[in-house]
Amino acid sequence: MNNIELCIEEIGCALVPTKGTSMLPLLEEGKALVEVVRADCNQLKKGDVVLYKKNDGTLVLHRIIKAESKEVFTVLGDHQFKNAERVNKQQIIAIAQGFFINGSYVDENTRWYRIYKRIWLSSLTLRRCCLALLSLKNK
């Protein structure tokens with residue numbers, strides 16, 4: 001069990017640094033921390049960002065794009081449009097409650113985040129177009 005899992009188990013929450021690019025453009029490595037709390041798997045829904053443990057022990061932070069049942073969820077990083085994974089509720093360790101992005105706190109009550117989430121969940125085609133536009137902007 002690593003430090004993140006230990007914090008969640010003992011105190012019910014943790015601040016998780018981001019690693020990798022799968023949650024871009026929302027979470028950039030080195031510029032964001034994610035506030036996670038112990039997950040109530042009976043309350044999980046499409047759009048929630050969850051921390052789950054893969055079979056090899058790797059911790060992954062991705063968004064639920066589909067609740068297949070109360071037991072199984074399909075998750076996908078915000079910077080991805082394929083390779084969604086199915087996870088069962090036993091793999092889900094925590095749910096994101098908020099994000100520290102460039103020093104500012106963002107949560108479900110933040111207007112731009114609600115808009116972002118709606119766009120990102122609306123369609124994978126729209127997501128692909130948005131990511132293409134963002135990559136052109138960054139060149």
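## A cluster of rings

Phe 99, Trp 112, Tyr 113, Tyr 116 and Trp 120 are linked by ring pairs into a cluster. Rings of Phe, Tyr and Trp (its six-membered ring) pair if their centres lie within 6.5 Å, and planes under 30 degrees apart count as stacked, over 60 as edge-to-face and the rest as tilted. Keep in mind that this is a predicted model, where local features need pLDDT of at least 70, side-chain atom pairs count only at pLDDT 80 or more, and totals for chains, interfaces and linings use all residues. Residues are numbered from 1 along each chain as its sequence is written, and side-chain values use heavy atoms, with hydrogens and water left out.

## Two pairs up close

There are five aromatic pairs in the structure. Take Phe 99 and Tyr 113: their ring centres sit 5.4 Å apart with planes at 55°, so this pair is tilted. Both residues are buried (under 20% relative accessible area; exposed is over 50%, partly exposed in between, with a 1.4 Å probe and protein chains only).

Then there's Trp 112 with Tyr 113, whose centres are 6.4 Å apart and planes at 85°, so that pair is edge-to-face. Trp 112 counts as partly exposed because its relative accessibility is 44%.

## The nonpolar core

Phe 99 turns up again in the largest nonpolar core, which has 23 residues; Leu 27, Val 34 and Val 36 join Phe 99 as those with the most contacts inside it. Such a core is a set of buried Ala, Val, Leu, Ile, Met, Phe, Trp, Tyr and Cys residues joined through side-chain atoms within 4.5 Å.
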